[in-house]
Amino acid sequence: MVRRAWKEVGYNPSSEEKRLNRDGRCDVALELLGNKLDDAITMRNGVAAVLSRYRDKNRYNRVHKALLALSQTRDEVSRLHLVTTNFDRLFENVRQDLDCGSNSYIAPLIPVPKTFNWDGIVYLHGLLPDC
């Protein structure tokens, strides 16, 4: 995905950035890209463009389903407590398919992390719009 984002914004990465990407340090590689561009919005738009090409409702997998199941509280209220750095809509798609009636909280508007205060998915890095 990082290589596609580099191509999307017309960026030629350094050997260090390529190594970071190969080593699975995608977050650092993208942060460096955002720092080297005039604004981070260009990088984010590039990543969003790449991800939107793969936005197929059925592309979520059993791991997404399992994480939602594991994030359910076991009390009488059964709240969902999931915090993610993902900004794609895959958890939203699973939530809709499984008819989980919880909320979505998108940074910076996130709830106070008290067990009784929130029910839903917290997106720390934002959430792509539903197109």
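**Figure 1. Pairing of strands β2 and β3 in the predicted model.** In this predicted model, strand β3, residues 120–123, is joined to β2 by four bridges, and the two strands run parallel. In general, the strands of a sheet pair through backbone hydrogen bonds, in either a parallel or an antiparallel manner.

**Figure 2. The open sheet of three strands.** The strands follow the order β1-β3-β2 in an open sheet with parallel pairing. Strands β1 (81–84) and β2 (103–106) form the edges, each pairing on one side only. Averaged over the sheet and with direction ignored, neighbouring strands are turned by 15° against each other. Between β1 and β3 there are four bridges, and these strands run parallel. Within this pairing, L82 stands opposite I121 in β3.

Figure 3. Which residues of β1 belong to its covered face, and which to its uncovered one? The covered face carries L82 and T84, whereas H81 and V83 make up the uncovered face. Side chains in a regular strand alternate between the two faces of the sheet. Helix α6 lies across β1, β2 and β3, and its direction makes an angle of about 170° with β3.

Figure 4. The side chains of E92 and R95 meet in a salt bridge, with 2.7 Å from N to O. Both residues belong to helix α6 (residues 90–97), where they are three residues apart, about one turn of the helix. Are E92 and R95 buried or exposed? Both E92 and R95 are buried.

Figure 5. Residue L68 is part of helix α5, which spans residues 62–70. L68 counts as buried because its relative accessible area is 2%, which is under the limit of 20%. Apart from neighbours within four places in sequence, the contacts of L68 are L80, L82, F91, V94, R95 and I121.

**Figure 6. The largest nonpolar core.** Twelve residues make up this core, among them V2, W6, Y11, L20, L33 and M43. Helices α1 (2–9), α3 (26–36) and α4 (40–52) are the elements that each give two or more residues to the core. Helix α3 provides the largest share, four residues. A second, separate core has eight residues, including L68, V94, I121 and L127. In soluble globular proteins, nonpolar side chains tend to be buried together.

**Figure 7. Contacts of L33.** L33 is one of the residues of the largest nonpolar core. Which residues does L33 contact when its neighbours within four places in sequence are left aside? They are W6, V9, Y11, E17 and M43. Of these partners, W6, Y11 and M43 are also listed in the largest core.

Figure 8. The buried residues of α1 are V2, A5 and W6. These residues lie on the same side of α1, because the arc that they cover around the axis is only 100°. They pack against α2, α3 and α4. On the face turned away from this buried side are the exposed residues R3 and K7. After α1 comes G10, with a positive phi near 70°.

Figure 9. The structure holds four salt bridges. One of them links E16 to R19, and its closest N and O atoms are 2.6 Å apart. E16 and R19 both lie in helix α2 (residues 15–22), three residues apart, or about one turn of the helix. R19 also meets D23 in a salt bridge of 2.9 Å, N to O. Through shared partners, E16, R19 and D23 are joined into one network. Each member is partly exposed: the relative accessible area is 38% for E16, 33% for R19 and 48% for D23. Side chains of opposite charge can pair when their charged atoms come close.

Notes:
Residues numbered from 1 in each chain as written. Predicted model: local features only at pLDDT ≥ 70, side-chain atom pairs only at ≥ 80, totals over all residues. Heavy atoms only, no water. Core = buried A, V, L, I, M, F, W, Y, C linked by side-chain atoms within 4.5 Å. Buried < 20%, exposed > 50% of the residue type's maximum accessible area, 1.4 Å probe, protein only. Contact = heavy atoms within 4.5 Å. Pairing = 2+ DSSP bridges. Axes fitted to C-alpha atoms, helices over the stretch in contact; angles between N-to-C directions. Arc of directions from axis to C-beta.
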